[in-house]
Amino acid sequence: MGAAGGDDARWLARAAALAERARPLSSPNPGVGAIVVRDHRVVGRGWTQHGGRPHAEAQALAMAGEAAHGATMYVTLEPCAHQSTRGPSCASLAIASGLAAVIAGVEDPDPRTSGKGLALLGENGIDARLVPSPPARASLAGYLARRRAGRPFVTLKLATSLDGCIALEDGSSRWITGPSARAHTHLERARNDAILVGGGTLRADDPRLDVRLPGLEHRSPARWVLTRGSAPSGWGRLADPTEISAIQDVQYLMVEGGAQTAAAFLAADLVDRLLIYRAPIVIGDGRRAIGSIGIGDLAEAHGRWRLADRRQLGSDILEAYVRSRAPAHPAPSD
């Protein structure tokens, strides 16, 4: 027997937490989380594996085994309905397992599955429902941005003083924030497929842009530079922020600086999430975190950002904001 209906949001949130383990190694497939629940106990769980297979549902059902019969599966994204050369569809696996119910947190915008996965499950006697889940949607932000906006989900990271500076007047910037905030930045890098800086930052700082946390070094993202000139060997190049849709197989892009690059992405309205690490220092005549973004009226600045997280990291404060946007239409399929 499955879990009580009132618990749907809680179980979907737990599935979304599992999905974080898939990011970003599941790319170009979405990082999905799935939990199989029977008599209010978890009997199976899974998340999308490296390279996109096995899918989360396949892992969770394999772990549950016979206990899946009559159980409920909670999954962040609607189970796929199309067959692949890499394995059967998740909807067909769910049908074969004898599940009583499947609860999905987000409908898959992929036209091969959109609505069809849940419909197929329902046609085969499974209680298949879409229960919109903000945590599930947040865990799929990169995949949804790719499908609906045709580009990666963009995080802009800024490390600033209390008065909004990223460096002294002479350009010295090591270190604005303390070791805890810098370690968190490396964790964020590990959660992104690619990382980008401006040409000025590249020339001035020669940044490594890698992940320097024990055990996560292999998660260093691909490196990109915003410049009209040439890129170093091993780096990708963008001449303009609007070209990010052309970056292949990238669902999550992190922009780390400098001020003009940050301004260019904000002015193009291509930033989905702001990560602001604020150190308890005042610099005065220093270099500002962001250049002009073309706002001529304060009314234009209000209502764009919503605080999503705030936490203490050593002596520094991290604030995460997400962009408030109208729903986007799905991008055309390849």
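**Exercise 1.** Is Thr 227 buried or exposed?

*Solution.* The model is predicted: local features need pLDDT of at least 70, side-chain atom pairs count only at pLDDT 80 or more, and totals for chains, interfaces and linings use all residues. Residues are numbered from 1 along each chain as its sequence is written, and side-chain values use heavy atoms, with hydrogens and water left out.

Step 1. Thr 227 has a relative accessible area of 13%. Buried means under 20%, exposed over 50% and partly exposed in between, with a 1.4 Å probe and protein chains only, so Thr 227 is buried.

Step 2. Thr 227 sits in the loop between strands E9 (222-226) and E10 (236-238). Strands (at least two residues) and helices (H or I, at least four) are DSSP runs, numbered from the N terminus.

Step 3. Beyond four places in sequence, its contacts (heavy atoms within 4.5 Å) include Arg 203 and Arg 237.

**Exercise 2.** Determine which residues of helix H2 (56-64) are buried, and how they are arranged.

*Solution.* Step 1. The buried residues are Ala 56, Glu 57, Ala 60, Leu 61 and Ala 64.

Step 2. Seen down the axis of H2, they fall within an arc of 120 degrees (taken from the directions from the helix axis to the C-beta atoms), so they line one face. An α-helix has 3.6 residues a turn, so residues three or four places apart point the same way.

Step 3. The face turned away from the buried side carries exposed Ala 62 and Met 63.

Step 4. The buried residues pack against strands E1 (33-38), E2 (41-47) and E3 (72-77) and helix H3 (90-97).
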